[in-house]
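Hi,

Here is the structure I promised to pass on. Have a look at it first, and then read my notes below.

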Amino acid sequence: MLSECQENALNLIKDWKSIFLTGSAGNGKSFLIKQLKNLLPGKTIILTATTGVSAFNLGGRTIHSFCHAYAFRKRRRGRTFLGTFHYG
């Protein structure tokens with residue numbers, strides 16, 4: 001059963017509106033996304049998440065993996081620099 005807030009989000013998605021789904025642990029974000037997948041069989045849905053665990057739970061990919069952006073470390077003159085590059 002969906003909460004009122006989840007129903008509102010689902011209705012926006014049904015109307016092809018983009019949403020940013022966020023909330024603390026246990027709020028039902030993954031549950032809502034799984035309900036959405038069930039409502040749109042045969043449609044291409046790209047699921048991205050910020051962490052590997054949440055991406056795995058959704059059957060999706062991390063945002064960085066989807067965009068082919070990978071982190072690297074580079075040492076120069078005794079300092080470590082972090083950066084990203086686009087692959088693909």
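Predicted model: local features only at pLDDT ≥ 70, side-chain atom pairs only at ≥ 80, totals over all residues.

Residues are numbered from 1 along each chain as its sequence is written, and side-chain values use heavy atoms, with hydrogens and water left out.

Helix 1 covers residues 4-14 and packs against helix 2, residues 29-39, at an angle of about 40° with the axes 11 Å apart. (Helices are DSSP runs of H or I, at least four residues, numbered from the N terminus; axes are lines fitted to C-alpha atoms over the stretch in contact, and angles run from 0 to 180 degrees between N-to-C directions.) On the helix 1 side, Q6, A9, L10, I13 and K14 make the contact (heavy atoms within 4.5 Å), and helix 2 brings F31, L32, L36 and L39.

Q6, A9, L10 and I13 of helix 1 are also buried, meaning under 20% relative accessible area with a 1.4 Å probe, protein chains only. Down the helix axis they fall within an arc of 100° (taken from the directions from the axis to the C-beta atoms), so they line one face of helix 1. Helix 2 is part of what covers them.

Q6 deserves a look of its own: its relative accessible area is 11%. A polar atom of its side chain lies 2.9 Å from the backbone nitrogen of S3. Beyond its neighbours within four places in sequence, Q6 touches M1, N27, G28, F31 and L32.

Cheers

How values were computed:
Helix = DSSP H or I, 4+ residues; strand = E, 2+ residues; numbered from the N terminus. Buried < 20%, exposed > 50% of the residue type's maximum accessible area, 1.4 Å probe, protein only. Polar contact = N/O pair within 3.5 Å; in protein donor to acceptor, adjacent residues only side chain to side chain.
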